[in-house]
Amino acid sequence: MPASDFRPPERRPFKPWQRYLSYLPLYLLVVPLSRVLEVSGVWKKLVRRRGAMFGAFGDYRARAGDVFACAGFKSGTTWLLQMATQIAHRGNAEFADIHQVVPWPDGPPMLKAHMVPIDDPSPLARSPTGRRVIKTHLPFEAVPYTEHALYIGLVRDPKDACVSGYHFMRSMVFGPAMPSVATWVEMFVQPSFAPVSWAAHLQSYWRVRDRPNVLFLTYEEMKRDSAAAILRIAAFMGVELAAAELAEVERRSSFAYMKQEQQRFNPGHVVPWGSASGYMIRRGERGASDELLTPGQRRRIDDTCRAQLVALGSDFPYDATFAAR
Ligand code: A3P
């Protein structure tokens, strides 16, 4: 049974001629413009929050049953959404696209018509456990709060999040106009990185991790033992799963399953020259940032993120958690 009554408007894929024609403005305008931004150092300044790029919670009030999945950019958000949604539906959440069940109020307005609105009652009404999941990349203080709702803060090694973000932005949006890896690293470590810097996001959830309605998780511990992570999330959500239900949540949250079913998790073609798939459920590894980054770039991310945490007064054990393998 579908986990929501929401049906988005039909999305027409770009036709082959539209895709081919788009290469003209891409190579004649967008790529040269990107090179100018690269050389002039302007790319870095474009990472600030822009109203046109992000939605907001507006006057939504959090309520009992809400499970806010508060993950950092490219930190395993979709994986957490799948785990928590399958737990809420006892391993039987059916959907064509996860955003038909999980609202994302701070998501890009251009995708809004395709995502279930946060005030659509059907995901909660159809949930057998009285829990429904809400996605956000915002820091804790920007998320509607009540002690009756649950908040799962998810963070990932910033080097891996940076690499994941590079592939994601390149495949989905920029194509050959993607800034260089060196520039992307500098964009990623900006304190103004939108919607929030890696360190400010982490610290906002680390600070409140002892509250009974907050669970602080790392992508690395989910990778190390995903079965244990599922049990932890289920216990936090107050959902006791039968053995067969647990096995189904594990199966549907596995990398192999999510890769095979990636059309349920991908935004698809966003620009005509972009890829339609392959960038959302990509490689799924931890500590593998040397696939793209030089030792110097990895050090730059470590040093900057560590220093930003210290500046925020954080006692998060950065080196113990994200030590290079
Ligand atoms: P990589 O690009 O390093 O492969 P987000 O959902 O926040 O955008 O995060 C995407 C990252 O989570 C991608 O990382 C993706 O492969 C990884 N991911 C998604 N599902 C996963 C799963 N079931 N197991 C492990 N990693 C997963």
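**A look around the model**

Guide: Happy to! Let's start with N213, which counts as buried because its relative accessibility is 5%, and buried means under 20%. Keep in mind that this is a predicted model.

Visitor: Where is N213 found?

Guide: N213 sits in the loop between α6 (198–206) and β4 (214–218).

Visitor: What does the side chain of N213 make a polar contact with?

Guide: The side chain of Y145, in a polar contact of 3.1 Å. A polar atom of the N213 side chain also lies 3.4 Å from the backbone oxygen of T146.

Visitor: And which residues is N213 in contact with, leaving aside neighbours within four places in sequence?

Guide: Those are Y145, T146, E147, A149, L150, Y151 and F236.

Visitor: How many bridges join β1 to β2?

Guide: There are 5 bridges between β1 and strand β2 (residues 132–136), and these two strands run parallel. One example is F68, whose bridge partner in β2 is I134.

Visitor: Why is β1 described as largely enclosed by the rest of the structure?

Guide: Because 6 of the 6 residues in strand β1 (residues 66–71) are buried. You can check each face in turn: D66, F68 and C70 are buried on one side, and V67, A69 and A71 are buried on the other.

Visitor: Let's switch to helices. Is helix α4 mostly covered or mostly uncovered?

Guide: Mostly covered: helix α4 (residues 158–174) has 13 buried residues out of 17.

Visitor: What happens at the start of α4?

Guide: There, a side-chain oxygen of D157 comes to within 2.8 Å of the backbone nitrogen of K159. Just after the helix, G175 has a positive phi of about 55°.

Visitor: Which residues other than glycine have a positive phi?

Guide: Let me show you two, K74 and R90. K74 has a positive phi near 60°, and R90 has a positive phi near 55°. For background, most residues other than glycine have a negative phi.

Visitor: Where do I look for K74 and R90?

Guide: K74 lies in the loop between β1 and α2 (77–88), while R90 is in the loop between α2 and α3 (122–125).

Visitor: Is K74 buried or exposed?

Guide: K74 is buried, because its relative accessible area is 11%. R90, with a relative accessible area of 29%, is partly exposed.

Visitor: Where is the cis peptide bond?

Guide: Look at the bond from A194 to P195, which is cis with omega near 0°. P195 belongs to the loop between α5 and α6. In general, most peptide bonds are trans.

Visitor: How far apart are E221 and T321?

Guide: E221 and T321 are 100 residues apart in sequence and 9.4 Å apart in space, C-alpha to C-alpha. E221 lies in helix α7 (residues 219–224) and is partly exposed, with a relative accessible area of 24%. Not counting residues up to four places away in sequence, E221 touches F216 and R232.

Visitor: Last one: which residues make the nonpolar surface patch of about 590 Å²?

Guide: W17, L21, L24, L28 and L29 make that patch. L29 is in helix α1 (residues 16–40), and L29 is exposed, because its relative accessible area is 58%. A handy idea for viewing helices is that an α-helix has 3.6 residues a turn, so residues three or four places apart point the same way.

Visitor: Thanks, that helps a lot!

Conventions:
Residues are numbered from 1 along each chain as its sequence is written. This is a predicted model: local features need pLDDT of at least 70, side-chain atom pairs count only at pLDDT 80 or more; totals for chains, interfaces and linings use all residues. Side-chain values use heavy atoms; hydrogens and water are left out. Helices (H or I, at least four residues) and strands (E, at least two) are DSSP runs, numbered from the N terminus. Buried means under 20% relative accessible area, exposed over 50%, partly exposed in between (1.4 Å probe, protein chains only). A polar contact is a pair of N or O atoms within 3.5 Å; within protein, one must be able to donate a hydrogen and the other to accept it, and residues adjacent in sequence count only if both atoms are side-chain atoms. Contact means heavy atoms within 4.5 Å. Patches are made of residues with over 30% relative accessible area and no salt bridge: like charges are joined within 9 Å, nonpolar side chains (Val, Leu, Ile, Met, Phe, Trp, Tyr) within 5 Å. Accessible areas come from the Shrake-Rupley method with a 1.4 Å probe; for residues, only the protein chains shown count as cover. A salt bridge is a side-chain nitrogen of Lys or Arg within 4 Å of a carboxyl oxygen of Asp or Glu. Two strands pair if DSSP finds at least two bridges between them.
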